[in-house]
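Please keep the structure in view while reading.

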There are 2 protein chains.
Amino acid sequence: MTTSISPTMLASGEGQALLPSWNDGPTKQSIVDFVSRVTATGDPQFVKPEARIAVFDNDGTLWSEQPMMFQFAFAIDRLKALAPQHPEWKDKKTLAAVLAGDMKAVAAGGEHAIIELVMVTHAGMATDEFSTIVEDWIASARHPRFNRPYTEVIFQPMLELLAYLKANGFKTFVVSGGGVEFMRVWVEKVYGIPPEQVVGSSIVTKFEMLEGAPVLTRLPQVNFIDDNAGKPVGINMHIGRRPIAAFGNSDGDLQMLQWTAASTGSRFGLLVHHTDSVREYAYEATPLGKLDVALKEAEAKGWTVVDMKQDWNRIYPFEESK
Amino acid sequence: MTTSISPTMLASGEGQALLPSWNDGPTKQSIVDFVSRVTATGDPQFVKPEARIAVFDNDGTLWSEQPMMFQFAFAIDRLKALAPQHPEWKDKKTLAAVLAGDMKAVAAGGEHAIIELVMVTHAGMATDEFSTIVEDWIASARHPRFNRPYTEVIFQPMLELLAYLKANGFKTFVVSGGGVEFMRVWVEKVYGIPPEQVVGSSIVTKFEMLEGAPVLTRLPQVNFIDDNAGKPVGINMHIGRRPIAAFGNSDGDLQMLQWTAASTGSRFGLLVHHTDSVREYAYEATPLGKLDVALKEAEAKGWTVVDMKQDWNRIYPFEESK
């Protein structure tokens, strides 16, 4: 996988404009102002480097999530690949609907249907084996609209932001409702964020000795859902301190932004609003969540809202800036 | 709290002997050889810096665990402080035994008794409040034999080892059966390991809005036990990649060492054997675990075993080397 500008290149920063894919204006300015405040020694809002924790949602915040969440596309491809060995799936409502391409039936099944799909496609193998499966898929699957690997359908302005924060002493974490072991396979190459800085949903794993070798087996049982009220719980569990900056794009990120914002000192919250129907997608609701509550709270609390159409002159690394 | 040599001082390393509290011999040599191999560019066993993950058990590995695990001492002190508000505890077998100082009765109650004690002393408050309680205790409590804060009853040779690994590009993690939120309060100051690099046992926390402010409340329900077969699970969950070095002192660390050792490339496993009844304690079993299985496997697999009496010329930072 390739991205035209790597985090490392950006972090060096010399001779480059600051956050070049962000148009000048209040949105970009709010980011730069925050970073300047917390990094200026002597400023009353100065934050020591080890406490500069920034958390990023993934789906819709760092990469696109249309026409469906990318991990959902993985699950469907996986289901199709496994189907010949599982004739019994024809009698399972959700699985049969997916195999028949009837996505409306799946959406109607809600969270229960999604969990059923995840369990049959994500469990029943060793963790190492699952990583290989994801790696192979991410290398070969293509986004249906852009005909590019999903790992290129990522937001160039957010890559620049990740690198900018890193260059200013921040430690950046992904905190996503997506599967932690699905993300860890590619997140380091694509975002420059190491696996230990990825927090996500998970299924139960079990340690066993198989023929004298230790194995972690993935079981069809939910361990943790890192979404909505689960996000502050996941942050507390994994990171163990409160972030000073949080970035999201839906109501599923609301509690993470609330948790980040409600503390002493300088805090920063940002929501990406998908307003560009031409270059990306324009929407305020997905089968899994909406944005209206978070948008209202952003206004009340003074969080930054990115108007994608207005604020970003470039969406994806593979595009030219407009 | 003070330690005579801070990790930072050691990491600079100039003009200092290498691992000065370790006596010269095969134990110390095995550490230095391993680090030399994985850090030498061009060596077939070279490991790139981001994959240099080292995991350390805490109780009995980084600090002492006698005459009882230090977190158990915290629980007892906390129980005594709360008892006046809980007359009903007189009718609870385990709690009444603890309050009466009858530790044998508690030990006889096994894991069930310990969990009961943990729940009434560690749950029922916000996470921030719990941190403050631990902070106050750690600042005032004294180890009964050494009459020093528990955070000084730590192993000087292991501090040097942590700093040595860090100076060689390793990322060091605590992976302990102890409570993750109990440890995070003091681990950074004492070991130079940040909260996000601490993996431990946990109880369930719940996100709620109380009077408009977000709170994480600690519930009396076990979330995860990071011991025995739980350690590889915790490592996979938090770190997301396999360590190349693991350090423990009991059968509770066996699976962590197995998981670390059973992979390609250069791997290092070490067990601390408590053999010094004069300067520390000599034992091979505690109420919570033994060491015999791990010791046998160490011999079979070629893991390093520290003979504390022979290999360490200094145990604690507050002592002179012998």
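## A pair within chain A

A:Asp292 has a relative accessible area of 36%, and therefore counts as partly exposed. In this predicted model, A:Asp292 forms a salt bridge with A:Lys290, and the closest N and O atoms of the two lie 3.7 Å apart. A:Lys290 is partly exposed as well, with a relative accessible area of 45%.

## How the two chains are related

Chain A can be superposed on chain B by a rotation of 180 degrees with 0.0 Å of shift along the axis, and the RMSD is then 0.0 Å. This is the relation of a two-fold axis. Within chain A, the C-alpha nearest the axis belongs to A:His238, at 3.2 Å from it.

Of the interface residues of chain A, 97% are also interface residues in chain B, so the copies meet through the same surface.

## Salt bridges between and within chains

Over all chains, a search of the whole structure finds 27 salt bridges. One of them links B:Arg242 and A:Asp128, with 3.3 Å between the closest N and O atoms. Because B:Arg242 lies in the loop between helix 10 (230-238) and strand 5 (245-248) of chain B, while A:Asp128 lies in helix 6 (residues 127-140) of chain A, the pair joins two chains. B:Arg242 counts as buried at 17% relative accessibility, whereas A:Asp128, at 46%, counts as partly exposed.

In chain B, the side chains of B:Lys206 and B:Glu208 meet in a salt bridge of 3.9 Å, N to O. Salt bridges that share partners also join A:Lys171, A:Arg241, B:Glu188 and B:Glu196 into one network.

Conventions:
Residues numbered from 1 in each chain as written. Chains lettered and ligands numbered in written order. Predicted model: local features only at pLDDT ≥ 70, side-chain atom pairs only at ≥ 80, totals over all residues. Heavy atoms only, no water. Least-squares fit on C-alpha atoms with pLDDT ≥ 70 in both. Contact = heavy atoms within 4.5 Å. Salt bridge = Lys/Arg side-chain N within 4 Å of Asp/Glu carboxyl O. Helix = DSSP H or I, 4+ residues; strand = E, 2+ residues; numbered from the N terminus. Buried < 20%, exposed > 50% of the residue type's maximum accessible area, 1.4 Å probe, protein only.
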